[in-house]
Structures are given as structure tokens and as C-alpha cells.
Amino acid sequence: MNKREFLKKSSVGALGIMLAPSILKAGFPKDKLRTAHIGVGNMGMEDLKAVSSHSAVEVIALCDVDAINLSTAHKMHPGARIFFDYRAMLEEMGDEIDAVIVSTPDHTHAPASLMAMNMDKPVYCQKPLTHYVSESREMKKVAAEKGLVTQMGIQVHSFYDYKLATLLIQSGIIGKVHTVHAWSPKNWGYDGPLPEGEDPVPDQLDWNLWLGTSKQRPYKDDMYHPGNWRKLMDYGCGTLGDMGVHIFDTPYNALNLDVPRTIKTECRPTNGFGFPEKNTVTYEFPGTEYTGKSLKWVWYDGPGAPEMHEDLLLPGMEMKKDKDTSGKSDENSISLDAGVAGENELPEQGAMFVGTKGRLLLPHFMQLPKKIVRGKYVDISKEIAKVSEEHNLGEPIRNYATEGPKHYHQFVDACLGKDTTTAPFDYAARLTETILLGTIAGRFPGETLHWDAETAQFKEEKANKYLAGDYRDF
């Protein structure tokens, strides 16, 4: 069904089957959570499945700019009202909605979330939290002022191995940490030519609503919707914003970091359109109780990542040249649950903590961390058993299908007053700000940018214009 056919069946922008007025006006049981979902394609569909798998959830509203996505989601939840425009959904159904799930492209995260939050709605928002630093700070501020339940969509945050690594680091298993290396060979960059001309907008897509607050631009097939927007500066946050948020999360949380003081990105010169396909981002953070006086953090992404470094040498591994980068990295070939690497092979994606008493390797993901001292693996089974028992971690479950929904269910339970979230916007905003500062530094390759967390400004004035967006009326 295309957009025009959907609109013929709509009422003031709403689509599909309407709930009976008597139901809409009735009081709602306190043990139920009525959810509205903004973005129901791709990751939005996964979010919808995970949230609605909670027994207390009733999905009452679905919103997407693509009619095909809406049709698919509506078949799953035929009692939900359906909208193209999230603004119409929130305005019409504000009194009935208990919580909002935002799963749009990055540039719409903040506009949609803030509208819901200003209506006092709890919000679950996909990662990265926002597209601009100013938006992250605003979402953190509104959530705090209104006392809202919030959660960012970093579902592996709730997984056993990440909880375990956090507790091990904080127990001092490798002493004070002075360096973190993190990497992903995923390629959410675009080094190709800028698009020319325009193509007809598909019948099922409302291009104006897809653009949202971003500037007007002609539609081009296979360039923006449904997936390639992550590669582009006006809509996504590159590989750093996609996989970096997941892989940064545990070291950032374990070390209790705030935002960095300096940022430098090594990459190709900016073209103002697509993120570079290969990036090395170096951060310097103020020290915490778990680090030295300061912390160095190096992120590597793109084909061939990570660059070889002595901190990344594993037992039995020879110091050699970087991985072959002659072939393009296919972002779809890198699975969320990467295969188990050999004893002398780095995992496809992961992080390495470097401390005063050794190193801790944390694969991404669903694999136990490994301690390395003087070039040899060290048995830490006793330490793992100790922290697991002390913090009631239970046994590791290597099943994403059962473990994945736990982060979502935690949000639902928190909305019902039965739990608290572990990735609220207070935390998510700082983590996202760190990520976004790295993408901004990519506009000035090889230059060290100095960040003032108090004023939320760079010392380098030229970089400050990228901290906020110029919203378009749409």
C-alpha cells in the first residue's frame, strides 16, 4: 500500500483502525503501559518487537514516514492508530500515551523526543541519543527537570559480560587504567562523489517528513532512505555514532568518565557531506578514581581497523602490519554478535583497557573479558566468580534473542515503578556528547580541539558552529 492509499484512509493524518471512543476515554490500568512508536522500520521494528514482548505493554500508536513500514507494523498491532507525522500523533493522542519509543534516523531523535518529553512522557530513544551536542544537553536537562524515566537504546549495556567487565575494572583487576583502545571495522562512511540531480520520491515515502528539521534536499535513490543516512553528516553520526556508542559504553561506564578535554581525529579531508570511511579519534579525559591523572582513549573504525599498536598485541601474536584494507568493508557483513576470535587474534570489534597491573580485553560482545600480564593470559576465573556472586550477576546466557529485550523491559518496568533504568539520559547525554565531539573533530583532520565542558564550547571558535543545528520548519 502506498502513501496516497494510506492517506485516503486517514483522519487528520492518522491511519488505520481507530480505537473505540469509549476505550480511549476510559481509565487505564496501572499495571499496563500504553506505548507510541516513532519509526517502525529496520531498528525501529526490532525496538517495537522487543518493547511489545513485555506482558504489560499495549502498543496504541505507530508512526513512520514510510507507508510500507507502517503497513508491516500495523499487521502486528492492528489495534494501534497509525500516523506519518509524529507531531500529529502526539498532539492527538497525548492524553492516552504513557511512553514514547523513538527509533528514527539520528537527526530526528531530539525533535521527536523533546516534544514527547515536554508533554511529560517517558522516552526510550535509540542510540546515539542525538545528532547535535546542544540537543544532548537539552534532553538531559528536560529529563532531570521533569523527573522522567528515560533510556537510550544500547541494549548490550544490560548484558552479563559488560556488567562483569565494569565490575572487574572497578575492583582494580588491572590497577589504574591509563589508556583505552576501542575499534570496529564497520564502514558507515562515504568517500564517494556528491549526488547530482534528483529521483522521483517513492509513493510510499513522505520525503518532507523524512527530512524533518534538516535542510531541504532533493531525493536520490539508495542515498538516504532506508539505511544509508548513517553515512551522511546531515542525518547520521558515522561508524563512531553507530558502533562506537555500543563499544564505548562499557569502558566509559566502568571508568566513570565525563566528557573529554581534547579531541583529535585523523581522517581524510572533510567533504561536508559524508563521514570519512576510516577514522582514528584520540580523546584525552580528566582522571577519575579508576584512572590515572588523565586517560587517553583511541578509537579506530573503517576497513582494516584497528591500526596495530603494542597495546593490542595478544599472547602468540606477532607485531605486524595493519590489516589488509584493499577491499571495501561491507557494513552488513559485520554482525552484532561477532564470532569468537582465536587466542592470538583480536576480536572483530572490541576494547582493550591498559592499566598499571596489566590489560583487559573485552570483545564485542557476549564473550568473557580476558586479562593479559607481561604478554601472557592470566586466569581470572576466581575474580569473575567473586564479583558475579557479590553482585548477583547469575550465569552468562549466550542468546541474543532472550537477552536483547531485557534492556527494553527494564525501561517498561521503570515506567511502571518497578525498576530503574541503567542508561538514562543523564548518562546517555554525556556518552553521546563524547561521540559527537569526535565527529566534529573529523571536520578538522589532524587538529587538536579543546573542549570546555562548563561553557559547552570549543576553544577553537570555528568548530562551535557544528554544536547545534539550524532547524527547518516542515
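Predicted model: local features only at pLDDT ≥ 70, side-chain atom pairs only at ≥ 80, totals over all residues.

User: What makes β9 and β10 a strand pair?

Analyst: Two strands pair if there are at least two bridges between them. Strand β9 (residues 262-266) and strand β10 (residues 279-286) are joined by five bridges, so they qualify as a pair, and they run antiparallel.

User: And how do you know that β9 is also paired with β16?

Analyst: The same test applies. Three bridges join β9 to β16 (residues 448-452), again antiparallel, and the cut-off is at least two. Thr-262 takes part here too, with His-450 as its bridge partner in β16.

User: Which sheet do these strands belong to, and why are some strands called edges?

Analyst: They sit in an open sheet of 10 strands with mixed pairing, ordered β15-β14-β13-β12-β8-β11-β10-β9-β16-β17. β15 (376-378) and β17 (457-458) each have a single partner strand, so one side of each lacks a neighbour in the sheet, and they stand at the edges. Elsewhere in that order, β8 (residues 177-184) and β12 (residues 350-355) run antiparallel with six bridges, and His-181 has Met-352 as its bridge partner in β12.

User: Why is Ile-397 called partly exposed?

Analyst: Its relative accessibility is 41%. Buried is under 20% and exposed is over 50%, so a value in between counts as partly exposed. Ile-397 is in the loop between α11 (381-390) and α12 (400-403). Leaving aside residues up to four places away in sequence, Ile-397 touches Met-366, Thr-402, Glu-403 and Lys-406. Met-366 is 31 residues apart from Ile-397 along the chain, yet their C-alpha atoms are separated by 8.2 Å.

User: Which residues of α3 are buried, and what covers them?

Analyst: In helix α3 (residues 43-52), the buried residues are Gly-44, Met-45, Asp-47, Leu-48, Ala-50 and Val-51. Their cover includes β2 (33-38), β3 (57-63), α4 (67-76) and α13 (405-415).

User: What makes a group of residues a nonpolar core here, and which members touch the most others?

Analyst: The members are buried nonpolar residues joined through side-chain atoms within 4.5 Å. The largest such core has 90 residues, and Met-117, Trp-297, Phe-425, Trp-451 and Phe-458 touch the most other members. α14 gives the most to this core, with 10 residues. A second, separate core of 37 residues includes Met-45, Ala-99, Leu-211 and Leu-416.

User: Finally, what lines the second largest pocket?

Analyst: That pocket holds about 500 Å³ of space. It is lined by 24 residues, of which His-131, Tyr-132, Met-233, Asp-234 and Arg-443 are closest to its centre. By class, the lining has 10 nonpolar, eight polar and six charged residues. The largest share, three residues, comes from α14.

Technical notes: Residues numbered from 1 in each chain as written. Heavy atoms only, no water. 1 Å grid on protein atoms, 1.4 Å probe; cavity = no way out; pocket = protein on both sides within 12 Å on 5 of 7 lines; lining within 4 Å. Points joined across faces, edges and corners; volume = space filled by probe spheres on them. Helix = DSSP H or I, 4+ residues; strand = E, 2+ residues; numbered from the N terminus. Nonpolar A, V, L, I, M, F, W, Y, C, P; charged D, E, K, R; others polar. Buried < 20%, exposed > 50% of the residue type's maximum accessible area, 1.4 Å probe, protein only. Contact = heavy atoms within 4.5 Å.
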